[in-house]
Amino acid sequence: MKRKARREPNKKEESKSSNAPSRAKRAKVSKPEPEAEFFEEKRNMEDLWKETFPVGTEWDQFDLLYQFKWNFSNLEQAFEEGGKLYGKKVYLFGCSEPQLVSFKGENKVICVPAVVAIEFTQVVSPFPPSDKIGINSVQREAEEIVPMKQMKMDWVPYIPLENRESQVDRLKTQIFILSCTQRRAALKHLKIDRVKKYEYCLPYFYQPFKEDELEQSTEVQIIFPAESKPVFCEFDWEFDDLEEFTDKLIEAEELDADQKDAFKDFVKEKVREAKKANREAREARKKAIEEMSEETKAAYESIKFYKFYPVQTDDSPNVSNVKAPFINRYYGKAHEVL
């Protein structure tokens with residue numbers, strides 16, 4: 001069987017073939033998809049501790065107070081269902097404490113923030129814990145108790161993040177924080193004494209059912225203006241004998257012998273003043289209790305203080321070893337430290 005001879009293409013066909021477009025497909029280069037950005041979702045009350053003004057903190061320490069990413073999730077959880085403060089009417093104020101702590105292998109003194117929560121456990125209090133601020137320091141001659149508003153401070157409602165778009169009066173919030181409207185940028189326009197007052201501020205609280213430390217004290221601070229040099233000492237009228245006390249000062253060359261009688265008279269006068277002040281304080285406290293309504297009595301008797309410190313994280317120092325129940329001389333100690 002004869003095979004058909006293979007026909008050679010003529011020149012016209014060769015020309016057409018060479019001019020034909022190539023049908024080979026180009027390999028598609030896939031563009032890299034942009035990586036999805038993930039933002040850590042903010043907790044509903046994440047800024048609660050920052051919103052509470054750190055009363056008594058020096059202005060130049062504020063930046064140091066916020067230099068770490070402190071985590072107060074323990075405070076936030078206290079307001080969640082099942083927490084200690086869930087559904088309660090609570091007042092909060094901030095404070096700071098210089099503490100020696102370790103962070104990333106280095107020991108250093110830092111400003112540790114804390115938040116104090118005040119709860120009336122048995123009743124809904126008809127009033128805030130106090131509308132006053134105490135101003136006191138070693139440098140100041142006398143303690144001052146002034147209205148909060150005089151220092152641009154007040155209790156204001158705290159609004160959780162998810163409710164910030166709502167009208168405040170409709171929220172019926174139960175969390176109130178001590179806030180201060182004094183702007184740091186405006187401090188340069190204030191007198192130095194006014195600026196320093198903020199650093200000596202302490203949240204004031206008067207507990208009529210508890211004797212004040214000063215009421216119980218039998219000590220007086222003595223600053224006797226002697227001719228050569230002032231005499232600084234403490235005299236306890238219950239345990240110290242004035243004659244013996246004075247002789248010891250003379251022996252120690254703290255007091256000139258010719259001023260012995262003047263010194264004794266000075267101390268006696270200071271003791272009389274202190275006893276009078278203690279007596280008046282007790283009488284005022286007794287009168288306040290007598291004039292108090294049953295509702296107010298129940299509020300004071302049910303009050304409880306909590307002190308919250310930041311929880312440990314990789315972004316902040318561990319403060320578990322420096323936690324302390326003491327709040328200040330007016331509030332005394334917290335019932336519970338968290």
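A polar contact is a pair of N or O atoms within 3.5 Å; within protein, one must be able to donate a hydrogen and the other to accept it, and residues adjacent in sequence count only if both atoms are side-chain atoms. The model is predicted: local features need pLDDT of at least 70, side-chain atom pairs count only at pLDDT 80 or more, and totals for chains, interfaces and linings use all residues. Residues are numbered from 1 along each chain as its sequence is written, and side-chain values use heavy atoms, with hydrogens and water left out.

**Helix H8**

Helices (H or I, at least four residues) and strands (E, at least two) are DSSP runs, numbered from the N terminus. At the start of H8, a side-chain oxygen of Asp241 comes to within 3.3 Å of the backbone nitrogen of Glu243. After H8 comes Glu253, with a positive phi near 60 degrees.

Buried means under 20% relative accessible area, exposed over 50%, and partly exposed in between (1.4 Å probe, protein chains only). In H8 (residues 242-251), the buried residues are Leu242, Phe245, Thr246 and Leu249. They lie on the same side of H8, because they cover an arc of only 95 degrees around the axis, taken from the directions from the helix axis to the C-beta atoms. An α-helix has 3.6 residues a turn, so residues three or four places apart point the same way. Exposed Lys248 and Glu251 are carried on the face turned away from the buried side of H8.

The cover over the buried residues of H8 includes strand E9 (231-236) and helix H9 (260-290). Thr246 counts as buried, at 0% relative accessibility. Contact means heavy atoms within 4.5 Å. Neighbours within four places in sequence aside, Thr246 is in contact with Leu255, Lys260, Phe263 and Lys264.

**Nonpolar cores**

A nonpolar core is a set of buried Ala, Val, Leu, Ile, Met, Phe, Trp, Tyr and Cys residues joined through side-chain atoms within 4.5 Å. The largest has 35 residues, and those with the most contacts inside it are Phe93, Ile118, Ile133, Met153, Phe305 and Tyr331. Elements that each supply at least two residues of this core include strands E1 (90-103) and E2 (106-120) and helices H6 (192-199) and H10 (294-301). Another core, of 28 residues, lies apart from it and includes Phe72, Ala78, Phe79 and Val322. Residues up to four places away in sequence not counted, Phe93 touches Ile118 and Tyr331, and also Trp155 and Leu178, among others.

**The E4-E3-E7 sheet**

Two strands pair if DSSP finds at least two bridges between them. Three strands, in the order E4-E3-E7, form an open sheet with antiparallel pairing. Its edge strands are E4 (144-147) and E7 (201-203), each pairing on one side only. E3 and E4 pair over four bridges, while three bridges join E3 to E7.

| Residue | Bridge partner | Strand of partner |
|---|---|---|
| Ile133 | Val146 | E4 |
| Ile133 | Pro203 | E7 |
| Ile135 | Cys201 | E7 |

**Lysine 88**

Lys88 lies in the loop between helix H4 (73-78) and E1. With a relative accessible area of 29%, Lys88 is partly exposed. Lys88 and Ile175 are 87 residues apart in sequence, and their C-alpha atoms are 8.0 Å apart in space. Leaving aside neighbours within four places in sequence, Lys88 is in contact with Glu119 and Gln174.
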